[in-house]
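Please study the sequence and the model shown below, then work through the exercises in order.

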Amino acid sequence: GEEAQMARGSGSLVSLSSQRISTMSAQQQRITTQSGHDAAAGKAGGRTASNGHGGGRYTRLESGEREEEGKEGKEGDRDGGVEENGEQERDKQPDDRCAVVFSLGVQLSIVSPFATFEAVTTPFCQTNYGLSLVQIGLIFLSGSLITLPLLLTQGKWSKAFSPRMVLLFGQVVMALALIGMSNLVDVGAALGADGAKQSPLWYMDAPPWEQFAASYLVFMLGYSAAQSMVFVDFFQSFGASKRLGLYVGLLSSVGSAGRVVGPLVAVALYGANTRGFPLFMANAALVVAGGLVTLTSMVCSKTK
């Protein structure tokens, strides 16, 4: 009986010890779990705080960028206002109408003689020299090719001289070439060595075909230089004008008119005298008039 009681007592002690051990294990697990939660919460809080500081830095950067954009916008508004005021002042200034008339007159005096050759060169060469169409075509071809070196080097020599100076040079060359075609150098044969008038100048003979061909090539050189400089001077004078489109239309219209009027007058003069003296001398007088206009404009511009 005593042994049974001792066995029951030792069993109850073992069960109590087991309960205490399980209770302590459960408490330790709760403490460990709570510590893990606290550590995780601390880390999350640290990240939140760091994000808060970073957000503050980003906010300061964004505010600084906004201030710089505001300053740039104000400066752009001021610059735009200055440009608008400058444009308004330019608009108030009237264009030089004399310069417009100068450009139109010079354009007519250059294009009209050139259009003359397109109309009468073929019948003139056939009547006076008996040249074939192939030979006449070679003269035209030579006149086009001789202008290529001048046009290719135009950018260099146009910087060394003013456009109107080059324009005047081209007009002088054109006038001299037309005088050579009119055979004015042989006026002594028409008037006679003793001064007695043997034949009127109206009926002077045509120049030798070599003289005509050389004069034609010289004329094409002068025309190429003068025609290009008319447009260079025109855009330098009116490139910033609000009426540039109108002026370009007028300049083109005058050039077209010269291509219409020039051949009509040329055919009339050629019909009156197939030797070409009145035809070429009339064109030379027109080119000289245009050269005087150019010279006058150069003097006036220097005076101003």
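The model is predicted, so local features need pLDDT of at least 70 and side-chain atom pairs count only at pLDDT 80 or more, while totals for chains, interfaces and linings use all residues. Residues are numbered from 1 along each chain as its sequence is written, and side-chain values use heavy atoms, with hydrogens and water left out.

**Exercise 1.** Classify the aromatic pair of Phe-117 and Phe-219.

Solution. Rings of Phe, Tyr and Trp (its six-membered ring) pair if their centres lie within 6.5 Å; planes under 30 degrees apart are stacked, over 60 edge-to-face, and the rest tilted. The structure holds twelve such pairs. For Phe-117 and Phe-219, the centres are 4.7 Å apart and the planes form an angle of 50°, which makes the pair tilted.
Phe-117 belongs to helix α2 (residues 97-129) and Phe-219 to helix α8 (residues 209-238), 102 residues apart. Helices here are DSSP runs (H or I, at least four residues), numbered from the N terminus.

**Exercise 2.** Is Phe-117 buried or exposed?

Solution. Buried means under 20% relative accessible area, exposed over 50%, and partly exposed in between (1.4 Å probe, protein chains only). Phe-117 has 3%, so Phe-117 is buried. Phe-219, at 0%, is buried.

**Exercise 3.** Which residues does Thr-147 contact, leaving aside its neighbours within four places in sequence?

Solution. Thr-147 sits in the loop between α3 (133-145) and α4 (148-152). Contact means heavy atoms within 4.5 Å. With those neighbours left aside, Thr-147 contacts Met-220, Leu-221 and Ser-224. Thr-147 is buried, its relative accessible area being 9%.

Notes: Helices (H or I, at least four residues) and strands (E, at least two) are DSSP runs, numbered from the N terminus.
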